[in-house]
2 protein chains.
Amino acid sequence: MDVLKHFKKGSPKPELPNDGILRLYLMRFCPYSQRASLVLAAKHIPHHKIYIDLTEKPEWYTDFSPLGKVPALQLTAVPGQPALVESLVIAEYLDELYPVRQLLPEDPLQKAQDKILIQRLSPAIDAVYPVLFTKDPPGDALPNFENALDVFEQELTRRATPYFGGAQIGMVDYMIWPWFERFPALKHVVPGEYELDRARYAKLLDWVDLMAKDEAIKEIALDSETHAQFMVTRQEGQPNYDMAFPVAAEE
Amino acid sequence: MDVLKHFKKGSPKPELPNDGILRLYLMRFCPYSQRASLVLAAKHIPHHKIYIDLTEKPEWYTDFSPLGKVPALQLTAVPGQPALVESLVIAEYLDELYPVRQLLPEDPLQKAQDKILIQRLSPAIDAVYPVLFTKDPPGDALPNFENALDVFEQELTRRATPYFGGAQIGMVDYMIWPWFERFPALKHVVPGEYELDRARYAKLLDWVDLMAKDEAIKEIALDSETHAQFMVTRQEGQPNYDMAFPVAAEE
């Protein structure tokens with residue numbers, strides 16, 4: 001049973017059973033953490049979730065992630081119980097170790113091209129982040145964001161499959177999804193109910209609708225209002241990490 | 001026979017024989033390009049080198065690298081002659097396709113840990129770049145750089161092998177090497193003949209000396225004076241990309 005709050009500075013290290021079950025250290029609203037959660041969920045890999053407050057990190061967190069970043073995945077069944085960091089490294093490790101529902105293609109060229117495609121989301125993220133998380137984003141942020149997304153519309157057209165992974169969800173799909181779950185929050189934070197253009201991104205928006213039906217995605221998803229509310233708390237310098245958890249009853 | 005100059009805006013696209021030989025697009029002083037060159041050299045993989053001026057990029061370069069970044073590796077023997085980008089993706093692709101002298105470990109955990117270690121160089125690079133390439137680096141740049149390098153000294157101690165790859169050079173060694181080739185340029189650009197502390201980085205500096213003897217590294221290496229001279233031209237806003245090539249005789 002996961003503790004539904006973010007551990008912070010001063011929080012004692014959680015006492016977890018020595019059960020050999022993977023431990024994922026994450027932040028509820030972190031898209032990189034969500035990548036690891038999605039792979040774990042898609043492959044039905046049992047794991048404990050330990051939430052970390054990124055503003056006031058618990059002192060013991062660097063034992064698992066030397067630079068204090070999330071996600072980190074602790075391999076409790078391996079001697080020394082090492083922890084892995086970097087969302088893409090964690091995702092690929094899990095895909096190799098748990099080949100059920102394999103996510104990356106076997107072919108070295110296809111695998112390389114998929115990894116490059118995952119990186120191609122960076123310009124879109126870089127452009128849209130100031131819009132989502134700051135009060136005065138640059139004026140060209142949304143046009144730059146839209147231009148960067150064209151690559152994904154083109155790629156779905158070129159691949160001519162419902163998912164980037166083909167007929168089934170693959171690694172690209174899960175690795176870029178966390179941002180596509182957040183982009184609709186733009187309609188709550190940008191004046192004028194901003195939406196992506198249905199004609200320009202026809203295939204990509206169909207893909208979004210299809211992805212939203214996936215069991216692993218539904219298990220972790222938050223709605224766009226919740227994402228937007230979190231973004232506002234972050235804009236104001238007081239990110240409310242616990243916002244998506246049920247409020248504990250007062251004792 | 002490679003053309004020993006950087007192609008720039010207005011340069012016609014080079015006419016290369018349709019020989020199925022890999023084509024590497026790179027910049028002579030780019031450490032990310034050097035990663036790809038090192039893997040190609042270590043595995044004795046034939047390739048053409050096409051040098052790209054990063055300030056005034058040739059118009060045709062986005063055909064191979066949509067964002068204009070180097071390195072790019074064009075697979076001329078594959079239908080459609082696709083190009084790969086991202087130095088780590090290129091390196092891993094080459095390692096899978098040319099398993100002679102395999103660089104990454106087979107074991108998923110060791111492979112993941114090696115990939116994480118490669119990423120751990122980023123804080124050192126981020127700290128030292130302003131010292132190498134700008135005129136007024138922040139005062140804490142060198143201490144931050146040194147702290148970030150401690151990880152590598154500790155890791156060589158923990159692994160108790162001459163190379164990060166073990167008894168032989170592995171992927172970590174080649175992927176981090178380009179920056180270690182450049183760090184000694186600090187003695188030319190920082191007042192007081194700056195050197196890394198031999199006691200603090202005993203194992204790491206032994207590793208540097210050992211690496212410098214590797215055939216693949218020697219094939220591509222530039223000395224610290226040349227790196228420093230290039231850095232000065234870049235600091236001045238006029239990077240002299242062709243500096244390391246023999247000067248063509250006047251006609």
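A polar contact is a pair of N or O atoms within 3.5 Å; within protein, one atom must be able to donate a hydrogen and the other to accept it, and residues adjacent in sequence count only if both atoms are side-chain atoms. The model is predicted, so local features need pLDDT of at least 70 and side-chain atom pairs count only at pLDDT 80 or more, while totals for chains, interfaces and linings use all residues. Residues are numbered from 1 along each chain as its sequence is written, chains are lettered from A in the order in which they are written, and side-chain values use heavy atoms, with hydrogens and water left out.

**Exercise 1. Describe the surroundings of His47(B).**

Step 1. Strands (E, at least two residues) and helices (H or I, at least four) are DSSP runs, numbered from the N terminus.

Step 2. List the polar contacts. The side chains of His47(B) and Lys49(B) are joined at 3.1 Å, and the His47(B) side chain reaches the backbone oxygen of Ile45(B) at 2.8 Å.

Step 3. Leaving aside residues up to four places away in sequence, His47(B) touches Asp2(B), Ile21(B), Leu22(B), Leu24(B) and Leu40(B).

**Exercise 2. Determine the strand order of the sheet in chain A, and state which helices pack on the sheet.**

Step 1. The open sheet of chain A has five strands in the order 1-3-2-4-5, with mixed pairing. Two strands pair if DSSP finds at least two bridges between them.

Step 2. Strand 1 (6–7) and strand 5 of chain A are the edge strands, each pairing on one side only.

Step 3. Strand 4 (residues 72–74) and strand 5 of chain A run antiparallel and are joined by three bridges; Ala72(A) stands opposite Val85(A) in strand 5.

Step 4. Helix 1 (residues 31–42) of chain A packs on the sheet and touches strand 2 (22–26), strand 3 (47–52) and strand 4. Helix 2 of chain A also packs on the sheet, touching strand 2, strand 4 and strand 5.

**Exercise 3. Characterise the interface of chain A and chain B.**

Step 1. In contact are 23 residues of chain A and 24 residues of chain B.

Step 2. The rule finds four salt bridges across the interface, each a side-chain nitrogen of Lys or Arg within 4 Å of a carboxyl oxygen of Asp or Glu. A salt bridge of 3.2 Å (N to O) links Glu92(B) and Lys115(A).

Step 3. Helix 3 of chain A gives the most to the side of chain A that touches chain B, with eight residues.

Note on methods. Contact = heavy atoms within 4.5 Å. Axes fitted to C-alpha atoms, helices over the stretch in contact; angles between N-to-C directions.
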